[in-house]
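Please walk through the model below one part at a time.

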Amino acid sequence: LAQFSIIIVFYRLGRRLPGERKTMANKKALELLRSGDVEGFNKWVKERRKKGKGSIDLDDQNLGGLSLRNVDLRDAQLNGTIFRKTDLRGSNLKHARLRQADLRGADLREADLTEADLRRAKVKGAELKKAVLKDTRGL
């Protein structure tokens, strides 16, 4: 029963279980983002949420230098992800896990980072003008 309870907790928090591999959904997310199709990504992730799917896991991916303005990455797992010189203006990063992410030179103006976890993230040179930083950890 205890093991079953742990699985439910991980599922509800949108986290992968130890040893669980990344899914085709995360490959789809990368494909959409790297092609610059923010509108398509946002539509796709909205449908995933409606179906009760877990959060997107993009840990340790390279999304540096992309234009991802207004992208919806709330609740996403982005630990160790490279966003160096990425345009994230107006993006929703609410509750995102960005531990050890590389945000150097990223444009985060007007982005919502409410309750995001940026502990040990590299943020030197990141533009945070008018960003929502309520309860953001690590800044």
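**Salt bridges and helix packing**

R89 has a relative accessibility of 25%, so R89 counts as partly exposed; buried means under 20% relative accessible area, exposed over 50%, and partly exposed in between, with a 1.4 Å probe and protein chains only. The model is predicted, so local features need pLDDT of at least 70 and side-chain atom pairs count only at pLDDT 80 or more, while totals for chains, interfaces and linings use all residues. Residues are numbered from 1 along each chain as its sequence is written, and side-chain values use heavy atoms, with hydrogens and water left out.

The side chain of R89 meets that of D87 in a salt bridge, at 2.8 Å from N to O. A salt bridge here is a side-chain nitrogen of Lys or Arg within 4 Å of a carboxyl oxygen of Asp or Glu. Side chains of opposite charge can pair when their charged atoms come close. D87 also forms a salt bridge with R69, at 3.1 Å from N to O. Both D87 and R69 lie in the segment after α3, so this pair ties together parts that are 18 residues apart in sequence. D87 is buried, at 12% relative accessibility, whereas R69 is partly exposed, with a relative accessible area of 39%. These residues belong to a network of salt bridges that links R69, D87, R89, D107 and R109.

How many salt bridges does a search of the whole structure find? It finds 12. One of the salt bridges joins K50 to E47, with the closest N and O atoms 3.6 Å apart. Both K50 and E47 lie in helix α3, three residues apart, which is about one turn of the helix. Helices are DSSP runs of H or I with at least four residues, strands are runs of E with at least two, and both are numbered from the N terminus. An α-helix has 3.6 residues a turn, so residues three or four places apart point the same way. K50 is exposed at 60% relative accessibility, and E47 is partly exposed at 37%.

Next comes helix α2, residues 24-34, whose buried residues are A25, N26, A29, L30, L32 and L33. Why do they lie on the same side of α2? They cover an arc of only 165° around the axis, the arc being that of the directions from the helix axis to the C-beta atoms. The face turned away from this buried side carries the exposed residues M24, K27 and E31. Just after α2, G36 takes a positive phi of about 80°.

The cover over the buried residues of α2 includes α3. A25, K28, A29, L32 and L33 in α2 meet G40, F41, W44 and R48 in α3, contact meaning heavy atoms within 4.5 Å. The two helices, α2 and α3, pack at an angle of about 155°, with their axes 9 Å apart. Axes are lines fitted to C-alpha atoms, for helices over the stretch in contact, and angles run from 0 to 180 degrees between N-to-C directions. α2 and α3 are therefore roughly antiparallel to each other, a label for angles over 145 degrees.

The last stop is L128, in the segment after α3 (38-50). L128 is partly exposed, with a relative accessible area of 25%. Leaving aside neighbours within four places in sequence, L128 is in contact with L108, L113 and L139. L128 and A106 are 22 residues apart in sequence and 8.7 Å apart in space, C-alpha to C-alpha.

Methods: Parallel < 35°, antiparallel > 145°, perpendicular 65-115°, else oblique.
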